Each structure stands twice: as C-alpha cells, then as structure tokens.
Amino acid sequence: MSHDSYNPVPVKHKFFTPGVVGLIIIAVNGLVFLMGRFFFGIGSVTNLNNQYPWGLWIGVDVAAGVALAAGGFTTAALGHIIHKEEYHAIVRSALLTAMLGYTFVALGVFVDIGRWYFIWHPLIMWNGSSALFEVGICVMIYLTVLYIEFLPIVTERFIGRVNLPGILSKLNKPVDKLLRALDRGLSKTMFVFIIAGVVLSTLHQSSLGTLMIIAGPKMHPLWQTPILPLLFLLSAISVGFPMVIFESLIAARSLGLKPEMHILSRLGSMIAPLLGIYLAFKIGDMFIRETFVYLTEFNTASVMFTIEVLFGVIIPLRMFLSTKVLKSPLFIFIASSLVVFGVLINRINNFVVAYTPPYSSSSYFPSYGEISVTLGFVAMLVLAYRFIVLNFPVISLPGKATAPKTKYTIRGIK
Amino acid sequence: MSGKSRRDFLKKSALVGAGIAGLSTSSAKAGPKNILSEDRMGVLVDTTVCIGCRQCEWACKEAHDLPAGDLESYKNREVFDNMRRPDHTALTVVNEYSPGKSSNLPVDVKVQCMHCDHPACVSACIVGAFTKHENGAVTWDTDMCIGCRYCMAACPFQIPAFEYDKALNPKIMKCDFCYDRTKEGKLPACVSICPVEALTYGTRTELVKIARERIKKDPDRYVDHIYGEYEVGGTSWMYLTSKDFAELDFPKLGNNPAPGVSESIQHGIFAYFVPPVSLYALLGGIMWMTKRRKELDEEEKL
C-alpha cells in the first residue's frame, strides 16, 4: 500500500467577500453581451468581419484556455504516471482547474461558432485532414475524461452522507449504494482514463498549433513555422506547473490557507528545464528560418514577439533557476505569473496579432462586448472554482494526514 | 510537378518530425471529397477585355436569389472609388485599377472564389462541409456547417464570407461556380451575361492553351503570366492582365497547394493511429513500472 500523506477536505470559508461580489458583476456584464450575441448575431457584439474571422474569443477563450488548463495533464503525468506521490496534494486542484478550464473552452467555442446548435456535428461528420476537427474531437473526449477523473471526488463527498430532503429520503440508501459501486468501479479503471487524458492532451495541444499553418502567408513569419505544433505542445507543457503554482497561491491567499511551499518549490524547480527546451526550439526555429530580420523593424508584430519571449520565457526562466525565487512565495508567484502571461500573449499573437489578411482596410481590435464576454467567462470560472473547493474535497490541508488511500490502482497489481 | 512538391513537403515535415514520431510520407492530396477530374471546367478572365460594366455582379445576384436591384444602377462607376470584396450580399465584385501597359484604359478585375484544385477550405473545414466537384466547382453544404469560420482563416484568397448579422442559420457565402446551372448544361450566370466575352468557360486544360496562345500572339498586351495556372497548386479560375498581378491586389502565393504542410503534419500525427496508440502504451508501461517499483520498495521496508 502506498502512503498518501494528504487529506483533501472541503475548505471552511465563507463564499461571499467583496472580491466575489466584484466577480459576480463582471460575470453578469459578460452575460448581458452574450445575450446580444445570441439574439442579434455575432456581428452585433464583436469586431469580427470577413477579413478577421477569428478574434479574442478564439485567441483567449479557446486557444489560451486550452494551454492554461495544461496543469491538469502535466500534474497527472507527474503524480500518477511517473508516480511521484509527493505531488498528490496538488493533483486534485490541478484537475479541477483543468476541468473548469476545458468547460469554459467548450463554452467559448459554443458562443463563437455561428451555428451553436450544430456543435455536435464533428461527432458524426469527420474530416481527417482538418486540424480543427482533431482539436474538436480531442477536446470533447478529454472534457469527458476530466469529468470522469473528477467523479471520485464527488463520490467521496457523498458516500455515507447522502441526505435527500423529504420524500426522496427513501432513496438515500440506494443512492449511497450506487455511489459506492461507482467509486469501486472507478478506482479499478481510473488508470485507463488518466493515461487517455495525457495522450489526448498531447494530441490536441499540438494540433492547436497546426491550426494556423494552413493560413500560410497570411500569418506573420515570426510565428508561421511548420514546427508550430511542437512549439504549442512544449509551451503547454512548460505552462502547466506555473499555472498550478499561480492558482494554488491565489487560492491559498483568498481562502486564508497556508501555501504548500514545499510542494510548490519542488514543482518550480522543474519549470526552468521545460522552459529552456521550449526556448531552444523557439530561438532555433527563428535562426533556421532567419526570421530575426523582422525584429529589426519596429511594429506591433516585433514588439509583441519581444514581449512574449522576453517577459514570458527568458525572464521567468532566469528566475526559476534561482533557489531564492523557488523558496519565496512572492517571487515564485511573480515568475509563474510571467510564464502564464507569456503563454497567454503567445496564443493571442498566434491567432490574432500574427494574422494579417490580404485585404484588410483596418486592423482588428476586440470590441467592448468581446472583452466583456471573455472577462465574464474568467469571472464565472473563478466563482465555480471557489464554490467547488468550498463544497468538495479538493484542497489538501497540510498536517492533517490521516488514513492513506490508494485511489488509482492498476488491475493485476495488489 | 507533383514529385517536386512532394519532396518539398517531406523536407518541411522533416523539421516537424523532430518532435513527432512516426511521421508518415503522406502526400499533399486533399481529403477524399476532392475529385480532380481531367475534364474539370474553369473560367479564363481576360482583364484586358473587361470593360467594368458590372453586369456579371447583377447576373450573379439574380442567379443566387440575392437582392440584385435594377441593372441600370450598375452603370454607376463611383463604386470603383473603393476596393470592394465579395461578401454575403455579392458573391462577385469588379474593381477598377489604373491602366496597364500598351493601353490607356483602366484595368477592371472581377473577383470571386478561384475554385482551387487543392482548396484550403475543403481541407480545413471541421465537418467537411466543402466539396471540390468533378466539374471543378468548390461548394459549401449548409446542412453540415457549424459556422466556425476556419475556412475564412484558411482561404489564401480571403473569399468565404459570413453572415455576421444573423443570429440563426448564418451562412458562409461564396461563389459556387453556378453549380446548379452548370449541372443543367447552362453557363455560369456571369459568363453568360458578359457582353464582351471577357470570361471564357471551358475545360481547364483548354483554357490554359487559349491563354498561352493569347500571350504569344500579343506579347505587348499581356504580362507573361497566367495567374491561377500554378498558384497554390492551380485554380479553376485563371486570369490574364496587362500589368503586374501584385498591383491588382492578387495575393503573391507559392505553387504548393495551401493545405500541403498542415495535411502532412496532420496525417503524420495520426498515421493509422500508430503514434497516439504507441504513446498510450508507453505511458501505460511507465505507469505500471513506477507503481510496481514503489510497491516493491514498500514490501522491502516491511
């Protein structure tokens, strides 16, 4: 038996704070513009047109959303596949972030496509040569896998505690039995889903990079390269742990918990090599294709590229090499935020800044409505996260280790 | 030609191979819905003949049930002050440019879907709503489209247009080469109305020959380039002009099909599902081993 020295519990904290009220206002504001989109068409709330078919919603809600949810599969690989049990304490919150992240990616796609009621079409209408088809199918399956991976947290919350109101209370026993059966079944088969989650993630994280390759010369040469899928995968892998650190520290602060610095520091020590590999490919590609000449020009593309690489990769890479940074909650937070910022900017650059259609008379900038919807989604995500960690056993409280429990066993090994 | 482009793709995809195992040697052919018939039709647009009467715009709207208005109103030449692009209200438009060589008449250029031989939209579409037909036409299927607009991001000529103002059933609008008319043996609406025969409808092979002959007969009149003969692997619509194509807002494109690189990557990652399945097996193996090792360690401690 393994010794999982962690004990996730629902956090005891009040839901409403001034910050939460602020988030609700932002979410409602986003919803108002979403209503406009559904009643009057995409053109009524966005600045998109025939030259710029994709904008903020695809660049941030979908592309950046997928990348920033990479904490789910990177920690799953670390905790369950390489089996580093010391990281189990953060696997659940990373899983929750990924699950919510992908849920909002799906919502982002839902509001961006013109015929949202046909969102299921890719399930039965296949086009194997389309990178978008690959991304779509993988994200749909992965989202299902994430929900399955989260189910044990739900069963754990309710087993022995099923308490239905009124007449339904007769069902308490059967429901409890059902949950127990589900829990047993899940713990025997979970490894199938965990591996599937990692495979699906590597597939669609890279295919997301293949998306813009077909745009060919319409995409600025600083970003347009046949190794885009590899760069997308590498950047997704290197943003996974920073995102977990970023999210853990914010959650700890907001919920009045002590940050688990011993785990976060060890997680942080793995970031520099990952960022290094990504940077090597990014710079190597730049020299092979000799695109550095475009950096001598002063324009939006060169400035955005410099910001992305300097602040998003090089500076945090240097920071993560320092032990002082790894030990300090403040500095490790800053360094992690920079990586998160860098990948966010990279996805915006790839999908919005780099895209220069041949006949545009003016360049694209997101409308107030587009920005409102994106911020609204982020606010809703944070609220959902808060609600779930207050009601489900997600966050582990240090020093409360009790009975060890092996959640994910492999059949055949006892 | 195809041998050369094939090598090019392999060269490019070799770079990608650095990170992706099991890259196959898939060719640049588009999906199964691309039927490239030897007898596929096309149109040769001779811009040195076009007089900018814009009757083709009117005929196109009439043929596609779009509000067309009065034919007389198309005589208004003020519309040429701004460059226009095809959109959901007009699947083809004519733009006017300053005169080219050997003439002092302005150059008029009709714009519409080029009906590529290897269309980016057909390759990109998430549900395969686009089809390259045997007669050369590239059409869009309203019953399949989910409105993701990836075709618009993919198209090298920036042709597909979207009905942004519609909340329900917005359509992707583009020239369909009058697929319904040509099926019945009729000419495309624009070709049939053109009063000066600036548009020639015929098999693509025949049109290339005609274009070559025209350039040869009158080298002072034409730039020695048939736009669309090789661009992005060839298009069904081709153009002759009296001035540099770049000055007429034709995008400068290479001769490789637009979907080539992305398809070789895509088919590489999914070569018979071998790479994903191998990755699954590899991760499963690692998981089993690390777990087993941990358990052995613990047994020793006991």
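This is a predicted model: local features need pLDDT of at least 70, side-chain atom pairs count only at pLDDT 80 or more; totals for chains, interfaces and linings use all residues.
Visitor: Which residue forms a salt bridge with A:E86?

Guide: The general idea comes first. Side chains of opposite charge can pair when their charged atoms come close. Here, A:E86 pairs with A:R266, and the closest N and O atoms are 3.1 Å apart. A:E86 sits in the loop between α3 (71-81) and α4 of chain A, and A:R266 in helix α9 (residues 261-268) of chain A, so the bridge ties together parts that are 180 residues apart in sequence. A:R266 is partly exposed too, at 45% relative accessibility.

Visitor: What separates B:R77 and B:E96 in sequence?

Guide: Start with the contact. B:R77 and B:E96 form a salt bridge, with the closest N and O atoms 2.7 Å apart. B:R77 belongs to the loop between α2 (55-63) and β2 (93-97) of chain B, and B:E96 to strand β2 of that chain, so the parts tied together are 19 residues apart in sequence. B:R77 has a relative accessible area of 39%, which is partly exposed. B:E96 is also partly exposed, at 24%.

Visitor: Which residues are linked in a network of salt bridges?

Guide: Look in chain B, at B:R40, B:D117, B:K132 and B:R204.

Visitor: How do I read a positive phi?

Guide: Most residues other than glycine have a negative phi. B:F177 is not a glycine, yet its phi is about 55°. B:F177 lies in the loop between β7 (172-173) and α5 (179-183) of chain B. At 3% relative accessibility, B:F177 is buried. Now turn to B:D249, with a positive phi of about 65°. B:D249 is in the loop between β9 (237-240) and α8 (260-269) of chain B. B:D249 is partly exposed, with a relative accessible area of 30%.

Visitor: What volume does the largest pocket have?

Guide: About 930 Å³. Its lining has 32 residues, and those closest to the centre are A:M243, A:F246, A:V378, A:L381 and A:V382. Elements of chain A that give two or more lining residues include α1 (18-40), α8 (228-255) and α14 (368-391). The largest share, nine residues, comes from α14(A). By class, the lining has 22 nonpolar, seven polar and three charged residues.

Visitor: How many cavities of 30 Å³ or more are found in the whole structure?

Guide: The search finds 13. The largest cavity has a volume of about 180 Å³. Among its 16 lining residues, A:S248, A:A252, A:E260, A:I395 and A:S396 lie nearest the centre. α8(A) gives the most to this lining, with four residues. The classes are 10 nonpolar, three polar and three charged residues.

Visitor: Which residues make the nonpolar surface patch of about 540 Å²?

Guide: A:F16, A:V21, A:I24, A:I25, A:V28 and A:V32 make the patch. One of them, A:I25, lies in helix α1 of chain A. A:I25 is exposed, with a relative accessible area of 57%.

Note on methods: Residues are numbered from 1 along each chain as its sequence is written. Chains are lettered from A and ligands numbered from 1 in the order in which they are written. Side-chain values use heavy atoms; hydrogens and water are left out. On a 1 Å grid over the protein atoms alone, a cavity is a set of points where a 1.4 Å probe fits but cannot get out, and a pocket is an open set with protein on both sides within 12 Å along at least five of seven lines; lining residues have an atom within 4 Å of a point. Grid points are joined across faces, edges and corners, and a volume is the space filled by probe spheres set on the points. Ala, Val, Leu, Ile, Met, Phe, Trp, Tyr, Cys and Pro count as nonpolar, Asp, Glu, Lys and Arg as charged, and the others, Gly among them, as polar. Patches are made of residues with over 30% relative accessible area and no salt bridge: like charges are joined within 9 Å, nonpolar side chains (Val, Leu, Ile, Met, Phe, Trp, Tyr) within 5 Å. Accessible areas come from the Shrake-Rupley method with a 1.4 Å probe; for residues, only the protein chains shown count as cover. A salt bridge is a side-chain nitrogen of Lys or Arg within 4 Å of a carboxyl oxygen of Asp or Glu. Buried means under 20% relative accessible area, exposed over 50%, partly exposed in between (1.4 Å probe, protein chains only).
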